[in-house]
Amino acid sequence: MLHNLLPDKYAEYVGLGLEIAVSMALPIVGGYYLDQYFELTPWLTLTGVLVGMVNFGLMIARIAKKLNQQDNDRK
């Protein structure tokens, strides 16, 4: 249904935003809950933050590569 409401370009950006948000939030929330379970506060939360940052960096590199490829294809 969302595909019918938004043009393709906007849907691509919304998907990208959700992907970035999930790749950052999921490791942090997972680390927090594992901290609560194992009583290791704040170490697993900090590990989740680091994993989220690495995920974000890898995602930015993937996006940059994709955009560079699209730019080269246009030339």
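Because the model is predicted, local features require pLDDT of at least 70 and side-chain atom pairs count only at pLDDT 80 or more, whereas totals for chains, interfaces and linings use all residues. Residues are numbered from 1 along each chain as its sequence is written, and side-chain values use heavy atoms, with hydrogens and water left out.

Helices and strands were taken as DSSP runs (H or I with at least four residues for helices, E with at least two for strands), numbered from the N terminus. The expected span of a helix is 1.5 Å times one less than its number of residues. H3, with 32 residues, reaches 47 Å from its first C-alpha to its last, close to the expected 46 Å.

Relative accessible area was used to class residues as buried (under 20%), exposed (over 50%) or partly exposed (in between), with a 1.4 Å probe and protein chains only. In H2 the buried residues are Ser23, Pro27, Gly31 and Asp35, and they pack against H3. In H3 the buried residues are Thr45, Gly48, Gly52, Met59 and Ile63, and these pack against H2. Contact here means heavy atoms within 4.5 Å.

Most residues other than glycine have a negative phi, and most peptide bonds are trans. Glu39, which follows H2, has a positive phi, near 55°. Glu39 is exposed, with a relative accessible area of 70%. A cis peptide bond, with omega about 0°, joins Thr41 and Pro42.

One is formed by the side chains of Glu12 and Lys66, with an N to O distance of 3.8 Å. Glu12 lies in H2 and Lys66 in H3, so this pair ties together parts that are 54 residues apart in sequence. Glu12 is partly exposed at 38% relative accessibility, and Lys66 is partly exposed at 43%. Arg62 forms a salt bridge with Glu19, the closest N and O atoms being 2.7 Å apart. Because Arg62 belongs to H3 and Glu19 to H2, the pair ties together parts that are 43 residues apart in sequence. Arg62 is partly exposed at 43%, as is Glu19 at 35%.

Grid points are joined across faces, edges and corners, and a volume is the space filled by probe spheres set on the points. The largest pocket has a volume of about 250 Å³. Its lining includes Glu12, Glu19, Arg62 and Lys66. The lining divides into four nonpolar, one polar and six charged residues. In this division, Ala, Val, Leu, Ile, Met, Phe, Trp, Tyr, Cys and Pro count as nonpolar, Asp, Glu, Lys and Arg as charged, and the others, Gly among them, as polar.

Methods
On a 1 Å grid over the protein atoms alone, a cavity is a set of points where a 1.4 Å probe fits but cannot get out, and a pocket is an open set with protein on both sides within 12 Å along at least five of seven lines; lining residues have an atom within 4 Å of a point. A salt bridge is a side-chain nitrogen of Lys or Arg within 4 Å of a carboxyl oxygen of Asp or Glu.
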